Every structure is written in structure tokens, then in C-alpha cells.
Amino acid sequence: MRHITQEGIDLIKRFEGFSSTVYICPAGYPTIGYGHLVRDHEKFEEISQEEAEALLRIDVESAERAVLRLIKVPLTDGQFDALVSFTYNLGSGALQCSTLRRKVNRQAHSEVPGQLIRWVWAGGRRLNGLVNRRNAEVVVYATPAFGLKA
């Protein structure tokens with residue numbers, strides 16, 4: 001299975017932020033590390049950044065699988081990383097139902113930035129953090145480095 005690059009992991013880490021202890025995220029869920037949703041059976045007092053990155057790598061696998069399942073065209077590492085970051089943030093349902101997915105699958109790559117930047121709303125409000133994250137994903141998506149991967 002294809003995996004996000006370290007640059008993609010770093011992108012997610014930058015926008016999720018790190019917390020060594022459990023906090024309640026804006027959506028109202030107990031969270032720790034780099035956006036790890038604490039499940040009922042999990043108990044955390046405090047974690048290190050290394051432990052948090054290990055949790056992130058496990059959590060991001062579902063976003064990787066969703067991108068691989070929903071995107072039918074070859075992607076550069078940058079394109080894959082940006083789509084995994086988007087999916088990790090918003091869930092696979094957002095990617096599945098989106099015009100973004102249709103544009104990518106039609107290889108209308110020049111139209112993808114406009115689709116990404118549409119996803120900056122939460123609770124009826126335009127959030128600067130989401131604007132910044134989508135803009136960063138646009139830059140990563142457009143990065144041609146690393147070539148096409150199957």
C-alpha cells in the first residue's frame with residue numbers, strides 16, 4: 001500500500017498541532033497528540049511527540065486507503081500527500097462526495113486548488129486555520145517533485 005511521505009506527515013502535524021495531554025477539539029471530541037481522537041477504551045495521561053507521531057501514522061492509514069480507493073488516476077507524491085491531509089482532516093466521506101474528487105479523477109489538476117479552498121467552513125463560519133491548511137495543501141498538491149507513482 002502506498003503511504004504518505006514524511007513531508008505529508010509534517011504538513012498534517014503542522015496544522016493539527018501537538019498536545020501531550022488530552023483536550024477537547026473544536027468538534028467536541030477528546031483528542032491527544034496530533035489530532036488523535038481518543039476512543040473509549042484508550043487511557044492517556046501524557047504522550048511524547050514520538051508516541052504522537054506513531055499514533056498519527058496509524059490514524060492516517062484510513063485516509064491513505066480512502067484516497068487509494070477513491071482516486072483512480074496516478075498521483076505525484078505531493079498530490080497524494082495533499083489529498084491524504086485533506087481526507088485526514090475532513091474524513092473520507094468529504095472526499096467521496098466532493099467535486100474535488102471528480103476533478104482529480106478527470107485529471108483537471110489546474111481546477112483542484114479552487115476545489116480545495118472551498119473546504120474552509122466549520123459550524124457555519126470560515127475558519128482561518130482551515131484557510132491556511134487548504135492553502136498549504138494547494139502548494140503541496142502543485143509540487144511536482146518525486147514524479148508520478150502508481
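Me: How far apart are the mean positions of the positive and negative charges of the protein?
Reply: In this predicted model, the mean positions of the 19 positive and 17 negative charges lie 12 Å apart.

Me: And the surface: how much of the accessible area belongs to carbon and sulfur atoms?
Reply: Carbon and sulfur atoms account for 53% of an accessible surface of about 8200 Å².

Me: What is the secondary structure, and in which order do the elements run?
Reply: The protein has seven helices and seven strands. Starting at the N terminus, the order is α-β-β-β-α-β-α-α-α-α-β-β-α-β.

Me: Why would one call the radius of gyration in agreement with a compact globule?
Reply: A compact globule of 150 residues would have a radius of gyration near 15 Å, and the protein has 15 Å, so the two agree. Along the principal axes, the C-alpha atoms fill a box of roughly 45 × 35 × 25 Å.

Me: What share of the residues is buried?
Reply: Of the 150 residues, 43% count as buried.

Me: Which residues have the most contacts inside the largest nonpolar core?
Reply: They are V67, L75, L83, L100 and V104, in a core of 31 residues. Helices α1 to α7 each supply at least two residues of this core. The largest share comes from α2, with seven residues.

Me: What does L100 touch, leaving out residues up to four places away in sequence?
Reply: L100 touches L83, F86, L95, V112, Q115 and L116.

Me: What share of contacts between residues at least 6 apart joins residues at least 24 apart?
Reply: That share is 57%.

Methods. Residues are numbered from 1 along each chain as its sequence is written. This is a predicted model: local features need pLDDT of at least 70, side-chain atom pairs count only at pLDDT 80 or more; totals for chains, interfaces and linings use all residues. Side-chain values use heavy atoms; hydrogens and water are left out. Helices (H or I, at least four residues) and strands (E, at least two) are DSSP runs, numbered from the N terminus. The radius of gyration is taken over C-alpha atoms; the globule rule is 2.2 Å times the number of residues to the power 0.38. Buried means under 20% relative accessible area, exposed over 50%, partly exposed in between (1.4 Å probe, protein chains only). Contact means heavy atoms within 4.5 Å. Accessible areas come from the Shrake-Rupley method with a 1.4 Å probe; for residues, only the protein chains shown count as cover. Lys and Arg count as positive and Asp and Glu as negative; His and the chain ends are not counted. The place of a charge is taken as NZ of Lys, CZ of Arg, CG of Asp or CD of Glu. A nonpolar core is a set of buried Ala, Val, Leu, Ile, Met, Phe, Trp, Tyr and Cys residues joined through side-chain atoms within 4.5 Å.
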